[in-house]
Amino acid sequence: MSVPGLVLCLFLASVTMVSSDCGPGDGRVKELAKETPSYTLSTDEGSFQVFCYQGEAASPFLLWSSVTVRVKSLDGAPTLYVGHNKSEVCQKQNQQSLILYWLMISPDKVSLPPFEKSCIGVEYTSTTHIGLDKKVINVWFPACLVLGLVIFSYASTLSRNVLFYYSSGITVGVLASLLILVYMLSKLVPKKSGAFVLLAAGWSTALYLLQHMYLNLQSLLQGYLQYILGYLAVAGLVSFGVCYRYGPVTNERSLDLMKWGIQLIGLTFVYNGTQLPAASLTLILLAVLWANIPERLVQAVRFSWNTWFPQKIRRLTQEEYEQQAAEETRRALEQLRQFCNSPDCNTWKTVSRLEKCSPVRFAKFVEGDSHLSEDEVCAYDSEVSFEFPAEDSFEEDESFVTSNT
């Protein structure tokens, strides 16, 4: 038998060798509920115990709720098995699989669906404490929902952003460097036998290492910080070099594929942003419909809204009006000077069009002099003072009329 066939047979045998009976224990299922939220297990009762959570009725007020089972043991985290009922938990506990045992998850907490019945089996070797932690609002879910909607809305902008291109490329390169190394090693062995075994072992090794890093992140950072920083630096520089070599994407179809991929990531966050799949799917449907609304329809709705509910426009005061008029006049005159001094201005043609202004006065204006003469300024001041008398004159006229009457 070839090596791939032997590996496949061992894997199938490891999966099919199951038993329906649980390990050593009292055989009873203990309930995790509000009345009994915690238990303490001792080795006198056995080494395996099943706990079940009945779940709650689905409610829109519990969209962001969470149910977590926390396990603490004196000699480390025990092995946990999660299923929908006791039989499924016992089946997982009795699977005689070397691969599954090697990849067995042993966390100190497990999240359960709040609206479904779930059971958890605890295999322990010392005194173990197990407790139920329920939250009406878990901050992770609304944050995940908002993040997904933002990513979906700005997918087109992100796909064309150079900074996002390099940051996402470096992130993917750092996370996928282990699998890339396994792929490169597979090229050094014969393709008929050794490559299959190496790839299978490589994927299993990668999954195990990622799982181990996730469960022991704090201890890894404390003990191997310099190696982790070195790995991130080397993998990040190599990924940056690859991204710089090929450059940002410019092809329109490739940009569309990137946009759709980013939108898919955003919708994945939206789906995981609530505990009710129906609510998540409804939000996804609304987001997709909103993103594909025709522009004409949006403009028509906006025009109708502004017609029915017009915005209140604040009128300028007399002082604001005068300040704005002076500022705009100064800016327009400065733009005119810049145009006249630029090569685009035909000087003789401009001078020939002057009717009430002499060429000498126009030349002085272009050089920086005022556009008004002293006589024009005096005439304007007298005209303004005549049209808008001062408050003192009004008071004098009013007193004169009062004294005569």
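This is a predicted model: local features need pLDDT of at least 70, side-chain atom pairs count only at pLDDT 80 or more; totals for chains, interfaces and linings use all residues.
Two strands are taken to pair if DSSP finds at least two bridges between them. Strand β4, residues 66-73, is joined to β6 by four bridges, and the two run antiparallel. Along this pairing, T68 has S111 of β6 standing opposite.

Now step back to the sheet that holds this pair. It is an open sheet of four strands, ordered β2-β8-β4-β6, with antiparallel pairing. The edges are taken by β2 (38-41) and β6 (109-112); each has a single partner strand, so one side of each is left without a neighbour in the sheet. On average, neighbouring strands here are turned by 20 degrees against each other, direction ignored.

Several residues of α4 are buried, namely F141, P142, C144, L145, G148, I151 and F152. The cover over these buried residues includes strand β4, along with α5 (155-159), α10 (252-271) and α11 (277-291).

The axes of α4 and α10 come within 7 Å and cross at roughly 160 degrees. Angles over 145 degrees count as roughly antiparallel, and α4 and α10 are therefore roughly antiparallel to each other. The crossing of α4 past α10 is left-handed. On the α4 side, the contact is made by C144, L145, L147, G148, L149, I151 and F152, while α10 contributes I262, Q263, G266, L267, F269 and V270.

S118 belongs to strand β7, residues 118-123. Its relative accessibility is 4%, so S118 counts as buried. Beyond its neighbours within four places in sequence, S118 is in contact with F51, C52, Y53, G83, H84, L112 and P113; among them, L112 is a residue of the edge strand β6 (109-112).

S42 sits in the loop between β2 and β3 (48-53). With a relative accessibility of 23%, S42 counts as partly exposed, because the cut-off for buried is under 20%. Leaving aside neighbours within four places in sequence, S42 is in contact with Y124 and T127. Although S42 and T127 are 85 residues apart in sequence, their C-alpha atoms are 4.5 Å apart in space.

Note on methods: Residues are numbered from 1 along each chain as its sequence is written. Side-chain values use heavy atoms; hydrogens and water are left out. Axes are lines fitted to C-alpha atoms, for helices over the stretch in contact, and angles run from 0 to 180 degrees between N-to-C directions. Buried means under 20% relative accessible area, exposed over 50%, partly exposed in between (1.4 Å probe, protein chains only). Contact means heavy atoms within 4.5 Å. Angles under 35 degrees count as roughly parallel, over 145 as roughly antiparallel, 65 to 115 as roughly perpendicular and the rest as oblique. A crossing is left-handed if the near helix is turned anticlockwise from the far one by less than a right angle, and right-handed if clockwise.
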